[in-house]
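Dear colleague,

I am passing on the structure we spoke about, and it is placed directly below. My notes on the sheets, the contact between the chains and one database annotation follow it.

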Amino acid sequence: MRILLVEDDPDLGPALAKALRGENCAVDLAANGVDAGHLGDTEAYDAAVLDLGLPGRDGVTILRDWRAAGRDLPVLILTARDGWSDKVAGFKAGADDFMTKPFRVEELVMRLRALVRRAAGHGATRLECGPLAFETQTGQFELDGLPVKLTALEWRVLSALMLSKDAVIERLALMERVYEGDADVDSNSLEVIVGRLRKKIGSSLIDTVRGRGYRLATPTPR
Amino acid sequence: MRLIPRSIHGRMLGLSLLATLVALVVAGAAIAGVLQRFVTQGLDQRLDAELSLLAGAVDGDGRIDRARLTRLRGLLDAGPGWQWQISGPAQTVSSAEFPTLRTPGPAPRDALRGEGKERPQPLEGRDGVHARRISIATDAGPVVLTAAAPRDVVARPIQAAVVPLLATLGILGIVLGVATLVQVRIGLRPLRALRDGVAAMRRGATSISEAQPDELRPLAIELNALARDNASALATARASAANLAHALKTPVATLALTVRDDPAQAAQLARIDATIRHHLARARNIAGGHASSTALAPAIADLVSTIRRLRMERSIVIDAAIDPALHVAVDAADLDELAGNLIDNAARHARTTVHVAARVDQGMIRLSVVDDGPGIALADRQRATDAGVRLDEREDGHGFGLAIARELAALYGGVLVLDDAAGGGLSASVTMPIGTAV
């Protein structure tokens, strides 16, 4: 799960990015409106956390421009403005959720997960694929009812595969969802992560589609 | 008692009526004076004519020709109270010596044009009569001729004229009064229109027409400038509140992130946050109360769709059917706060459904938000709208949404009433002033 975090406060931005990374998210931090608009236009994110009062460009303007350009990534507005008029304006500009500062990180993460899950087309909060289950609200994976311990990178790959299970995710698209924008990525690292995942959840669940990418396939009942 | 009436209407009317009254009294006195002069002149002419007849009966030696007087009797006698006297050096003859006779004799002409005669003079100082006297010089000495008529002769026609005169003047006064009344009413009509314009501003119009009479246009321009100043002061106050919110909340959010693993510090921070929220909401309320006209239906529709998304996980049905013609005289941001808090509170506590409705009730618009949740016990209802009290501690949120709604409603002269809903749950209804459709 890769998040675009737009926050101009020099203390809150890095602190929140750290907290989100602690919840297994890849986070790109934009500290002004211009960078935020540009990143949202060019990079692939599962969701964006958008502050409204920003230097450069106002959050609502950025959001409106994204929507006008057909960028449909889920956007959660996180702002100090807590008036109902601000909330209405935010949703009208195309926001998917709205939280006011100060906030609980747990709630923010839960809401982000719900946004990403709904954007992937899942109504239920618990996703299953054979013996593997994904509790989207807590972010917990279970294998045969037992929790699976994953590193952040493994979690990002598996959650991306789980959210679009039975469909092929292009290798490049998967890379984009897993690594932060400024990460120094080894081209083989994705294979390494998938290899480790196969060891943890069983090799049969993740298919390698040669020349394209990976797929989490529901096992056919024997 | 005030000498000068409080209303301009009264002042103009009073002044005008006073002027009319003075004018009528002066006119009445002048007309009466002229009338009296005419009547007196007529009488004088008649008495002078009589004197000239009498003069014809006096010869050059100062003797009085009684035979001639006898012939003149019919002419000299005009009725009771009319008298004459010829007073010569030798004798005095008066009308008392001649019995009344009805047959008039021929009238002498130019009798008074002889030599040695002066013009007759008025004779004053005798009661009840109006007299003229002339003195004729004769060889035997001056002969004094006097003719008198009762004063009634002068007074009667004046008295007869006074009643129609007064009636006419009275009618004139009434006509002038009515004209003044109409004029004042028409004249003051722009003032009333201006007052209506200001009232409309209070109900939400942004400005009043500056197409006013010359005397009122500067006032209208000043009023519009005042309204603009107020609006910009309000915007500044709102912006300051928002800036303060931003300035305080972001550091608090940062702190909350860093101390989230320390429950004691997190609790302190939660108190700080609650205080900030509380006072910012109050500040926003104080800055509010600026009447403008806001269409109710679209505002509620926006709020409902916003709250549906914010409370998406609860799957509450919020149904709102608002007459699109309804406008409230409430600032758009204040309406959002007021209705947003009520609907959100209902959506937070409802089991399945929230109903939002609005209707005109006793000159106000009553917005009611009904949920099917647990409701609020009668004993807790007053407390629920007290600022800072949160009955439901389980969830995040303002907690004093109902208090904010109540304060905002009061700011616009409305009231928030909490009641049991028909099927259990809470029914919150708030009254707001009616706005003008723009």
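Two strands are taken to pair if DSSP finds at least two bridges between them, and helices (H or I, at least four residues) and strands (E, at least two) are DSSP runs numbered from the N terminus. Please keep in mind that this is a predicted model, in which local features need pLDDT of at least 70 and side-chain atom pairs count only at pLDDT 80 or more, while totals for chains, interfaces and linings use all residues. Residues are numbered from 1 along each chain as its sequence is written, and chains are lettered from A and ligands numbered from 1 in the order in which they are written.

With those terms in place, Glu128(A) has Ala133(A) in β7(A) as its bridge partner. This belongs to the antiparallel pairing of β6(A) with β7(A), residues 132-135, which runs over four bridges. Both strands sit in an open, antiparallel sheet of four strands in chain A, ordered β6-β7-β8-β9, whose edge strands, β6 (126-129) and β9 (146-147), each pair on one side only.

Chain A also has an open sheet of five strands with parallel pairing, in the order β2-β1-β3-β4-β5. Since β2 (26-30) and β5 of chain A stand at its edges with a single partner strand each, one side of each is left without a neighbour in the sheet. Neighbouring strands of this sheet are turned by 20° against each other on average, direction ignored; axes here are lines fitted to C-alpha atoms, for helices over the stretch in contact, and angles run from 0 to 180 degrees between N-to-C directions. Within the sheet, β1 (residues 2-6) and β3 (residues 47-50) of chain A pair in the parallel sense over four bridges, and Ile3(A) stands opposite Ala47(A) in β3(A). Helix α3 (residues 59-68) of chain A lies across β1, β3 and β4 (75-79) of that chain, at about 155° to β3(A).

Turning to the two chains, the contact (C-beta atoms, placed from the backbone, within 7 Å) takes 23 residues from chain A and 25 residues from chain B. On the side of chain A that touches chain B, α1 (12-22), α4 (84-92) and β5 (97-100) each supply at least two residues, and the largest share, six residues, comes from α4(A).

Finally, an unreviewed UniProt entry annotates residues 161-182 of chain B as "transmembrane region"; UniProt positions are given in the numbering used here, feature names are shortened, and annotations may be inferred rather than shown by experiment. In the model that span is 100% helix and 0% strand, with its end C-alpha atoms 32 Å apart.

Best regards
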